[in-house]
Amino acid sequence: MYRYVAGKVDWLANGLPSEGTAAHEPRIGALIIKNIPTCGLDERSGDIRRKLEHSPWDLCAVINAQGIILGDLRGKALADSPTDCPVGQVMNPGPSSYRPNVSVREMREHLTRTGARRVWVADSDGRLLGLLCKESLWQQPT
């Protein structure tokens, strides 16, 4: 027996196994893409553009040494920033992130309502787990 001191909400937010009536409902944690480009605050935007040039990605998660999401670099900030500018000066700070235990149904509703195409998924401490793309939600049963 093990007592999880952080509590049930933290347990679920970290994508750990659960029981009960909603336990079999699909969760976004199973759909995330984990191999996402990341960078640190002090890296240069030009270096990040070159890093992404030959990849399928047009964004980069800005994280600290502990893997906590500090921001992201995408769109206009990525395309128009001077090449020698530190990422920390041009990133979009504090992007929203969602826990892996959010149901596919709830996330579909959220993305439909907001028009977002993708969202960051993080653990309860804000550490990056991956990226959830809208397309993967509609391939899942609810």
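Predicted model: local features only at pLDDT ≥ 70, side-chain atom pairs only at ≥ 80, totals over all residues.
Student: Which residues of helix 5 are buried, and how do they lie around the axis of the helix?
Tutor: Helix 5 covers residues 104-114. An α-helix has 3.6 residues a turn, so residues three or four places apart point the same way. The buried residues are Val104, Met107, Arg108, His110 and Leu111. Seen down the axis they fall within an arc of 165°, so they line one face of helix 5.

Student: Which exposed residues does the face of helix 5 turned away from its buried side carry?
Tutor: Exposed stands for a relative accessible area over 50%. On the face of helix 5 turned away from the buried side, the exposed residues are Thr112 and Arg113.

Student: What do the buried residues of helix 5 pack against?
Tutor: Their contacts include one helix, helix 6 (134-137). The strands they pack against are strand 5 (97-98), strand 6 (118-122) and strand 7 (128-133).

Student: What is the handedness of the β-α-β crossover that contains helix 5?
Tutor: Strand 5 and strand 6 pair in the parallel sense over two bridges, and serine 97 has tryptophan 120 of strand 6 as its bridge partner. The chain runs from strand 5 through helix 5 to strand 6, and this crossover is right-handed.

Student: Which way do the residues of strand 6 point, and are they buried or exposed?
Tutor: In a regular strand the side chains alternate between the two faces of the sheet. In strand 6, Arg118, Trp120 and Ala122 point one way, while Val119 and Val121 point the other way. Five of the five residues are buried, so strand 6 is largely enclosed by the rest of the structure. On both sides, then, the answer for strand 6 is buried.

Student: Which side chain meets that of arginine 118 in a salt bridge?
Tutor: Arginine 118 has a relative accessible area of 14%, which is under the 20% cut-off, so this residue counts as buried. Among the residues arginine 118 touches are Arg74, Leu131 and Leu132. The salt-bridge partner, at 2.9 Å from N to O, is aspartate 58.

Student: How many residues apart in sequence are the parts that arginine 118 and aspartate 58 tie together?
Tutor: Aspartate 58 counts as partly exposed, at 39% relative accessibility. Arginine 118 lies in strand 6 and aspartate 58 in the loop between helix 2 (45-53) and strand 2 (59-63), so the pair ties together parts whose separation in sequence is 60 residues.

Student: Where do lysine 76 and aspartate 80 lie, and are they buried or exposed?
Tutor: Their side chains meet in a salt bridge at 2.8 Å, N to O. Both lie in helix 3 (residues 75-80), four residues apart, about one turn of the helix. Lysine 76 has a relative accessible area of 65% and aspartate 80 one of 52%, so both are exposed.

Student: Which residues are linked in a network of salt bridges?
Tutor: Aspartate 125 and arginine 127 meet in a salt bridge at 3.1 Å, N to O. Aspartate 125 is partly exposed at 48% relative accessibility, and arginine 127 is partly exposed at 32%. The linked residues are Asp123, Asp125 and Arg127.

How values were computed. Residues numbered from 1 in each chain as written. Heavy atoms only, no water. Buried < 20%, exposed > 50% of the residue type's maximum accessible area, 1.4 Å probe, protein only. Arc of directions from axis to C-beta. Contact = heavy atoms within 4.5 Å. Salt bridge = Lys/Arg side-chain N within 4 Å of Asp/Glu carboxyl O. Pairing = 2+ DSSP bridges. Right-handed = clockwise from strand over helix to strand, strands pointing away.
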